[in-house]
Amino acid sequence: MTEVKIDIEHVPVANDPRQWSPLKKHFSLFLISGAAMIAGFAGTIQNPAVADMEEQLPATSEQFSLSISLYILVQGLMPLVWCAISEIKGRKMIYLVSLAGSLVSSIAVAVSRRIELVIAFRSIQAAGLSAVISIGAATLADMFEPAERGTKMGVYYMAPLLGPALGPIIGGALTSGLGWRSIFWFLTIVAGAIWMAFLLFFRDTFRKERSLTYQTVLKQHAIARAKNDIGHEAALPRTTAPASTPNLHGDVEKGKEAMGKEDADALAVPAAQIELTLRDVNPISPLLAVVRRINNLLILTASGLMYALTYMINYTGARTLSNDYHYDALMIGVITIAYGLGCVAGSILGGRWSDYKLSQLKKANGGIGYPEMRLKSTTIGLIIFPPSVVGFGWACREHTHVAVLCVLLFVAGFFTIWVYSSTLAYVVDANKGRSATAVATNSAFRGTLAFIATEIAVPMQDGIGDGWLYTFWGFLMALSGLLILLVSWKGRDWRIRAEEREAKATGMESH
């Protein structure tokens with residue numbers, strides 16, 4: 001079986017982002033990381049204010065829990081829409097629109113007097129902030145070659161992973177000093193500063209020539225226009241001389257033959273003459289194209305389960321530290337930051353290790369590399385990760401010293417992202433020309449599974465205790481590891497068959 005040579009990522013473009021200076025590229029990386037950090041801690045920053053918000057709004061525990069769950073769900077699903085628009089209109093517009101939406105919703109939450117309004121505007125805030133995470137990964141794919149993406153993804157993902165750990169500390173300090181509404185005024189100020197930075201300094205990295213989604217829609221328009229022209233020519237009276245048809249090569253008969261083959265190369269409709277608009281945005285078709293591939297479906301499931309654990313462990317861990325260890329909100333934030341620090345370390349080192357293993361395996365294969373090689377770097381993490389999760393649960397069950405909890409939280413966080421940074425880079429590498437949609441689909445899997453995990457976490461924790469709750473999650477993490485290993489073994493064959501099938505279906509031949 002031979003690799004399909006569809007290298008749309010390297011189609012020549014004007015002002016190629018991959019040819020930008022290192023300073024310019026790393027400044028863009030800094031900007032999107034800053035925006036992603038806001039998205040990270042905005043989800044957890046209100047947790048220390050639960051008691052104050054329930055009393056002042058007023059609200060029930062169920063309503064407050066719903067606000068958290070909906071935030072996670074919306075943040076996971078909305079990137080499908082944002083990414084579909086970004087593949088037509090570019091990245092910068094999405095950054096500006098989404099950040100503006102989060103800014104306005106932060107103000108609305110800050111002045112809300114009813115929990116229903118808080119739930120509604122927190123959902124809008126989640127929708128806005130969701131874009132920076134998914135579009136951020138696509139922006140990195142626009143700028144950096146596959147060989148260095150693992151490292152860059154690792155650096156980038158520090159921000160949204162450290163954010164949830166920092167959120168409770170920042171929220172606790174603000175609530176204690178200025179009241180819970182100050183949390184959302186703080187988010188307003190930060191979102192406004194980031195929005196202004198994007199407006200003034202960010203240069204769009206999107207190039208339509210390298211977007212498979214854009215080119216597919218463009219071709220559909222060209223075919224439709226050519227068919228209309230053919231129909232118009234065929235309807236002309238025989239006594240009438242054929243009108244000039246600048247949109248087709250040759251005469252009408254040749255055009256009919258070409259259209260019968262659905263061959264886009266037979267269409268002479270210049271791309272400049274076709275303007276794609278928001279009406280061409282269709283998140284469903286690209287989404288289906290991603291999940292139809294078996295390798296994508298398995299890796300997205302594994303990735304989603306691992307990310308769901310990060311929400312579950314922060315949520316249930318905080319409850320244990322409050323109920324069993326009797327710590328206040330600020331102390332809980334200080335302890336759970338151990339998980340965030342582990343995530344940061346795992347993100348940096350895991351990304352570098354992923355790139356190193358890819359380079360090593362590529363060299364051993366005669367200089368030929370393919371995306372599945374990157375997954376070989378996850379083996380160490382897949383072995384250590386599940387036991388660390390189970391160990392944390394039983395340590396909580398036995399009420400061991402808090403230092404033990406901190407160590408296990410750090411280890412679990414480290415190996416969560418050690419593995420996750422490689423799976424995310426794989427999702428980008430294995431979906432050339434469709435990286436934004438692939439990352440958005442990854443976000444949808446994450447958000448949906450995290451929503452479910454959050455909703456069932458408390459009943460399971462109260463019903464079977466921390467020990468068996470985390471044993472269950474250790475089993476899920478082991479299952480995720482098996483899925484990743486399966487993709488590293490069989491994924492290349494599955495991916496190549498899918499690429500061949502898609503190339504035949506769309507007529508996008510190798511170039």
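The structure holds 18 aromatic pairs, a pair being two rings of Phe, Tyr or Trp (its six-membered ring) with centres within 6.5 Å. This is a predicted model, in which local features need pLDDT of at least 70 and side-chain atom pairs count only at pLDDT 80 or more, while totals for chains, interfaces and linings use all residues. Residues are numbered from 1 along each chain as its sequence is written, and side-chain values use heavy atoms, with hydrogens and water left out.

**Stop 1: the ring pair in H16**

Select phenylalanine 410 and phenylalanine 414. Their ring centres are 6.4 Å apart and their planes are at 25 degrees, so this pair is stacked; planes under 30 degrees apart count as stacked, over 60 as edge-to-face and the rest as tilted. Both residues belong to helix H16 (residues 402-429), where they are 4 residues apart, about one turn of the helix. Helices here are DSSP runs of H or I with at least four residues, numbered from the N terminus.

Phenylalanine 410 is partly exposed at 34% relative accessibility, whereas phenylalanine 414 is buried at 13%. Buried means under 20% relative accessible area, exposed over 50% and partly exposed in between, with a 1.4 Å probe and protein chains only.

**Stop 2: charges over rings**

Go to tryptophan 20. Arginine 203 lies over its face, 5.5 Å from the ring centre. Then select tryptophan 489, where the charged end of lysine 490 sits over the ring at 5.7 Å from its centre. The criterion is NZ of Lys or CZ of Arg within 6 Å of the ring centre and within 35 degrees of the ring normal.

**Stop 3: a nonpolar patch**

Select Phe27, Phe30, Met196, Leu199, Leu200 and Phe201. Together they form a nonpolar surface patch with about 610 Å² of accessible area (Shrake-Rupley method, 1.4 Å probe, only the protein chains shown counting as cover). Helix H1 (22-42) and helix H9 (181-201) are the elements that give two or more residues to the patch. The largest share, 4 residues, comes from H9. Phenylalanine 27 lies in H1 and is partly exposed, at 35% relative accessibility.

**Stop 4: serine 211**

Finish in the loop between H9 and helix H10 (212-234), at serine 211. This serine is buried, with a relative accessible area of 2%. A polar atom of the serine 211 side chain lies 3.1 Å from the backbone nitrogen of tyrosine 214.

Notes: Patch = residues over 30% accessible without salt bridge, like charges linked within 9 Å, V, L, I, M, F, W, Y side chains within 5 Å. Salt bridge = Lys/Arg side-chain N within 4 Å of Asp/Glu carboxyl O. Polar contact = N/O pair within 3.5 Å; in protein donor to acceptor, adjacent residues only side chain to side chain.
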